Amino acid sequence: MSAAKANPARRSKDAKLLAELVGKAMTPACKKRGFASVDIVASWGDIVGERYGTKVQPDRLIWPRRPDRSDPENPPEPATLVVHTDGATALLLSHDSAQVIERINMFFGWAAIGRIKILQKPVTVKAPEPRKELRSLTGTEEQRLEERLEGVENDRLRQALKKLGSQVIARNPDRLD
């Protein structure tokens, strides 16, 4: 048996989240393009929603020059976000740009973006991977789940917990214990 399996505490201390590793690798490239971090690129679909998540691609941020960066009384002016999209989506995005800017600024927590510059270029977005079908629970698993939910009086809450529990058990059968 390996040392990592013998000592679970050590294994968890050595483990790194994939997001941390990818973020560290992408951060220099993002900074070169004007992004302070990889967050906006990684969360783009969640920020702008379904309509623009796969059809619009953030390219870079253009920050206005500031004479004195150390002055706390003089906060930075909002940046211009340059994005790529196709012609039809560019028209829609130009119409919805105020809402998109508002969503991006809510993500940042301050008025980071002042305008969006749209470039009509092909967008190369990786298609999302299809979700795996979950297996059906065995009779024993369903019975044990029902036993765990006996004390829940609210029917809607019980159904939601049953659905969640079924998905967790289908992915990891040992979670029922």
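A contact is taken here to mean heavy atoms within 4.5 Å. In this predicted model, residues 24 or more positions apart account for 63% of the chain's contacts with a separation of 6 or more. The chain contains nine helices and three strands, arranged from the N terminus in the order α-α-α-α-α-α-β-β-α-β-α-α. Of its 177 residues, 25% count as buried. The accessible surface of the chain amounts to about 13,400 Å², and carbon and sulfur atoms contribute 52% of that area.

Two aromatic pairs are present in the structure. Trp63 and Trp110 form a stacked pair, with 6.1 Å from centre to centre and 15° between the planes. Trp63 belongs to the loop between S1 and S2, whereas Trp110 belongs to the loop between helix H7 (87-108) and strand S3 (113-120); the pair therefore ties together parts that are 47 residues apart in sequence. Trp63 is partly exposed, at a relative accessible area of 35%, and Trp110 is likewise partly exposed, at 37%. The rings of Phe107 and Phe108 also pair, and this pair is edge-to-face because the planes stand at 65°, with the centres 5.7 Å apart. Phe107 counts as partly exposed at 34% relative accessibility, and Phe108 is partly exposed with a relative accessible area of 29%.

The loop between strand S1 (56-62) and strand S2 (79-85) also holds Glu77. Beyond residues up to four places away in sequence, Glu77 touches Trp63 and Pro64. Glu77 and Pro64 are 13 residues apart along the chain, and their C-alpha atoms are separated by 6.6 Å.

Conventions
Residues are numbered from 1 along each chain as its sequence is written. This is a predicted model: local features need pLDDT of at least 70, side-chain atom pairs count only at pLDDT 80 or more; totals for chains, interfaces and linings use all residues. Side-chain values use heavy atoms; hydrogens and water are left out. Helices (H or I, at least four residues) and strands (E, at least two) are DSSP runs, numbered from the N terminus. Buried means under 20% relative accessible area, exposed over 50%, partly exposed in between (1.4 Å probe, protein chains only). Accessible areas come from the Shrake-Rupley method with a 1.4 Å probe; for residues, only the protein chains shown count as cover. Rings of Phe, Tyr and Trp (its six-membered ring) pair if their centres lie within 6.5 Å; planes under 30 degrees apart count as stacked, over 60 as edge-to-face and the rest as tilted.
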